[in-house]
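Colleague: I have the structure open and want to go through it with you. Can we start with how you name things?

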Amino acid sequence: MDAQRTIQSLLAQLNTVIVGKSAQVQDCVACLLAGGHLLIEDVPGVGKTTLAQALARSFGLQFARVQFTADLLPSDLLGVSVYERAQEGFIFHRGPVFAQVLLADEINRASPRTQSALLEAMEEKQVSIDGETHALPRPFFVIATQNPNDQLGTYALPESQLDRFLMRISLGYPDRAAERALLAGGDRRALLEGMLPLLSGEDLLALQDAVLAVHTSEPLLDYVLDLIAATRSGRWFVQGLSPRAGIALVRAAKAQALIQGRDYVAPDDVQAVLPQTIAHRLVPVVPAGEAGRGAVEQVQAMLEAVPLR
């Protein structure tokens with residue numbers, strides 16, 4: 001399998017459905033190739049759900065969608081054991097989390113209890129129900145969408161759960177040309193139904209192994225360590241990145257390098273994925289008497305201040 005040609009074909013197909021957002025589409029593919037989970041934060045109606053469905057179809061993966069609401073229970077997500085008289089015992093009925101791609105739609109509209117039910121699944125690729133552990137399928141990929149936290153009926157995700165997402169992106173509104181194409185084009189649902197799987201689950205696992213094999217040189221690792229140290233200096237953020245976040249950054253940079261057709265990570269790869277990979281894990285320092293920057297803007301400012309070795 002020619003990895004770069006396959007990935008470029010995937011990107012081309014996805015960009016026919018998600019118009020004018022090629023950078024965000026590439027971030028989504030990089031996140032999936034890196035074996036992480038994706039958080040999409042944006043206002044309703046900009047294509048978050050469509051993007052998740054298009055990814056699942058293009059990769060040939062089993063897809064499930066859960067609409068998170070205030071009354072959603074953990075058992076609605078994970079599954080439940082039901083006593084069946086014919087079997088003379090409790091039989092476990094799997095929930096939607098056992099899909100290969102799980103779309104957790106508007107995750108921050110559910111209670112913290114239900115949000116936390118995803119933690120074990122995202123980190124360990126398994127769930128524990130009634131004292132029994134059930135393995136999730138491979139590959140397993142969570143795409144969560146959330147509305148801005150200033151909207152009514154939302155619960156902010158705790159830091160421990162935000163840290164489980166490899167990347168957080170925002171689609172934003174399309175530009176004028178892209179929105180014209182959307183208005184003049186056909187139904188997005190019809191386009192989705194016409195999409196053909198370009199890969200299988202086994203092909204995706206092979207690509208994820210190829211990502212792990214991408215080389216990182218000693219100077220490149222020193223650059224990553226300099227960036228991590230900058231986040232911990234107290235100048236830019238209240239608390240710095242954890243070692244897990246550093247590992248996630250390297251994995252995302254490796255996936256970016258593979259998409260670009262290289263078998264080694266360049267500083268450009270790290271810089272390309274840095275804001276999406278670390279901004280949601282950090283709280284910016286706000287200087288006294290100033291409004292301060294958002295997390296993404298603060299990461300960009302820090303990136304410009306850390307020199308290449």
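Modeller: Helices are DSSP runs of H or I with at least four residues, numbered from the N terminus. Keep in mind that this is a predicted model.

Colleague: Fine. Where does aspartate 27 lie?

Modeller: Aspartate 27 is part of helix 2, which covers residues 22-33.

Colleague: Buried or exposed, that aspartate 27?

Modeller: Aspartate 27 has a relative accessible area of 10%. The cut-off for buried is under 20%, so aspartate 27 counts as buried.

Colleague: What does aspartate 27 touch, leaving out residues up to four places away in sequence?

Modeller: Met167, Ile169 and Gln276. With glutamine 276 there is also a polar contact between the two side chains, at 2.9 Å.

Colleague: And how far is the C-alpha atom of aspartate 27 from that of threonine 50?

Modeller: The two C-alpha atoms are separated by 15 Å, and the residues are 23 apart along the chain. Threonine 50 is one of the buried residues of helix 3.

Colleague: How many residues of helix 3 are buried?

Modeller: Eight of the eleven, for a helix that spans residues 48-58, so helix 3 is largely enclosed by the rest of the structure. The buried set is Lys48, Thr50, Leu51, Ala52, Ala54, Leu55, Ala56 and Ser58. Just after helix 3 comes glycine 60, with a positive phi of about 65°.

Colleague: Change of topic. What is the strand order in the open sheet of five strands?

Modeller: The order is 2-5-8-1-9, and the pairing is parallel. Strand 2 (63-67) and strand 9 (167-169) are the edge strands, each pairing on one side only. From one strand to the next the twist averages 15°.

Colleague: How many bridges between strand 2 and strand 5?

Modeller: Five, in the parallel sense, with strand 5 running over residues 101-105. Phenylalanine 63, for instance, has valine 101 of strand 5 as its bridge partner.

Colleague: And strand 3 with strand 4, parallel or antiparallel?

Modeller: Antiparallel, over six bridges, between residues 79-84 and residues 89-94. Valine 82 has isoleucine 91 in strand 4 as its bridge partner. The hairpin has four residues between the strands, and glutamate 88 there takes a positive phi near 55°.

Colleague: Which strand holds glutamine 146?

Modeller: Strand 8, residues 141-146. Glutamine 146 is buried, at 3% relative accessible area.

Colleague: What joins the side chains of glutamine 146 and glutamate 41?

Modeller: A polar contact of 2.5 Å. Beyond four places in sequence, the contacts of glutamine 146 are Leu39, Ile40, Glu41, Asp42, Glu106, Ile107, Asn108 and Leu157.

Colleague: Glutamate 106 has turned up there. What is its phi?

Modeller: Phi of glutamate 106 is near 55°, a positive value in a residue other than glycine. Glutamate 106 sits in the loop between strand 5 and helix 5 (112-124). Its relative accessible area is 18%, so glutamate 106 is buried.

Colleague: Where is lysine 125, and what is its phi?

Modeller: Lysine 125 is in the loop between helix 5 and strand 6 (126-129). Its phi is near 60°, again positive in a residue other than glycine. Lysine 125 is partly exposed, with 30% relative accessibility.

Colleague: What about the peptide bond from arginine 138 to proline 139, cis or trans?

Modeller: Cis, with omega near -5°. Proline 139 is in the loop between strand 7 (132-135) and strand 8.

Colleague: Last one. At what angle do the axes of helix 9 and helix 11 cross?

Modeller: Roughly 110°, and the axes come within 8 Å. Helix 9 is therefore roughly perpendicular to helix 11. Helix 9 is residues 201-212 and helix 11 is residues 243-259.

Colleague: Which residues make the contact?

Modeller: Leu207, Ala210, Val211 and Leu212 from helix 9, with Arg251, Lys254, Ala255 and Leu258 from helix 11. By class, the contact has six nonpolar, no polar and two charged residues.

How values were computed:
Residues are numbered from 1 along each chain as its sequence is written. This is a predicted model: local features need pLDDT of at least 70, side-chain atom pairs count only at pLDDT 80 or more; totals for chains, interfaces and linings use all residues. Side-chain values use heavy atoms; hydrogens and water are left out. Axes are lines fitted to C-alpha atoms, for helices over the stretch in contact, and angles run from 0 to 180 degrees between N-to-C directions. Helices (H or I, at least four residues) and strands (E, at least two) are DSSP runs, numbered from the N terminus. Angles under 35 degrees count as roughly parallel, over 145 as roughly antiparallel, 65 to 115 as roughly perpendicular and the rest as oblique. Contact means heavy atoms within 4.5 Å. Ala, Val, Leu, Ile, Met, Phe, Trp, Tyr, Cys and Pro count as nonpolar, Asp, Glu, Lys and Arg as charged, and the others, Gly among them, as polar. Buried means under 20% relative accessible area, exposed over 50%, partly exposed in between (1.4 Å probe, protein chains only). A polar contact is a pair of N or O atoms within 3.5 Å; within protein, one must be able to donate a hydrogen and the other to accept it, and residues adjacent in sequence count only if both atoms are side-chain atoms. Two strands pair if DSSP finds at least two bridges between them.
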